[in-house]
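Please look over the sequence and structure shown below. A short report on selected local features follows.

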Amino acid sequence: MTTATSRHSGRGISPVFLGIVAVMAVTGWAVWTEFSASTGLAVFLFVTSAWVVSLCLHEYAHARTALHSGDISIGTKGYLTLNPLAYTHALLSIVLPVLFVIMGGIGLPGGAVFIERNRIHGRWKHSLISAAGPLTNVLFAVVCTAPFWLDALDGVPPVFQYALGFLALLQVSAAILNFLPVPGLDGYGVIEPWLSYKIRRQVEPFAPFGLIAVFGLLWIPEVNGLFFDAVDAILRGLGVETGFPGCGLDYYRFWQGTPESCPA
């Protein structure tokens, strides 16, 4: 009875998440129809809400995979409700990733759900739990770019295309960064079960600083250039024209005014 309760509690979708989805839908419609006094503000709200939705789905994927791998405590922690406020640290999971988008147009990963790893047996399960989050970003990127690689852009307003391009950039950059084998990021979580106990103990103290180190490296112009060259190559492979994500970022930063180089 206790096990069943643990597995099935906390499953309903949070009103907070539904509210964010509603904002995404309404502002997406406003961008599409240009039904807004400020197109840039509509793009900002659409991309930000969609980005938060993707963050929630990222953490949900970790939690759902952990639940099916043996951590039945997940349900009682509220992770399966998709409520961003239920995650380990709202600041790390939601606020900082949004700030990274505003500051640098980078989809940096946030915090993670707390998983009781001792309940899970099998290295493949541990690796899959860590991989589930960034794989969600990959799927989100595929969905965002579908109109591009399906050649279905007829009738899609240019500004909406820009917004989708920028949102896809965030998803691709988040997936790449998450898969880096850096302590504290999901990429390291994928390989960690396969490392020796000695190496894991030596690396463990550096885990809290992994995200900070990655963010610092991205401020180095040469590293930043190589990183965005890789992101751009992937986006072009998905049919997104060079310049579309940049125009999306320009519209996203509505406080700088309407970009003249990106026709609406």
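## Local features of the predicted model

Leu-82 is buried, with a relative accessible area of 8%, where buried means under 20% relative accessible area, exposed over 50% and partly exposed in between (1.4 Å probe, protein chains only). This is a predicted model, in which local features need pLDDT of at least 70 and side-chain atom pairs count only at pLDDT 80 or more, while totals for chains, interfaces and linings use all residues. Residues are numbered from 1 along each chain as its sequence is written, and side-chain values use heavy atoms, with hydrogens and water left out.

Leu-82 sits in the loop between α3 (39-69) and α4 (90-104), helices being DSSP runs (H or I, at least four residues) numbered from the N terminus. Its phi is positive, near 65 degrees, although the residue is not glycine. Asp-151, in the loop between α5 and α6 (158-178), likewise has a positive phi, near 55 degrees, in a residue other than glycine; Asp-151 is exposed, with a relative accessible area of 66%.

Helix α5 covers residues 123-149. Its 27 residues should span 39 Å at 1.5 Å a residue, and the end C-alpha atoms are 36 Å apart, which agrees; the expected span is 1.5 Å times one less than the number of residues. A kink of about 35 degrees lies at Ala-132, shortly before Pro-134, the bend being the angle between axes fitted to the seven residues ending there and the seven starting there.

Leu-139 of α5 is exposed, at 55% relative accessible area, and belongs to a nonpolar surface patch that also includes Trp-149 and Phe-179, with about 720 Å² of accessible area for the patch together. Such patches take residues with over 30% relative accessible area and no salt bridge, nonpolar side chains being joined within 5 Å.

The structure holds 14 aromatic pairs, counted when ring centres of Phe, Tyr and Trp (its six-membered ring) lie within 6.5 Å, with planes under 30 degrees apart stacked, over 60 edge-to-face and the rest tilted. Two of the edge-to-face pairs are tabulated.

| Pair | Centre to centre | Angle between planes |
|---|---|---|
| Trp-124 and Trp-194 | 5.0 Å | 70 degrees |
| Phe-215 and Trp-219 | 5.8 Å | 85 degrees |

Trp-124 lies in α5 and Trp-194 in the loop between α7 (186-191) and α8 (197-203), so their pair ties together parts that are 70 residues apart in sequence. Trp-124 is exposed at 68% relative accessibility, whereas Trp-194 is partly exposed at 37%.

Methods:
Patches are made of residues with over 30% relative accessible area and no salt bridge: like charges are joined within 9 Å, nonpolar side chains (Val, Leu, Ile, Met, Phe, Trp, Tyr) within 5 Å. Accessible areas come from the Shrake-Rupley method with a 1.4 Å probe; for residues, only the protein chains shown count as cover. A salt bridge is a side-chain nitrogen of Lys or Arg within 4 Å of a carboxyl oxygen of Asp or Glu. Helices (H or I, at least four residues) and strands (E, at least two) are DSSP runs, numbered from the N terminus.
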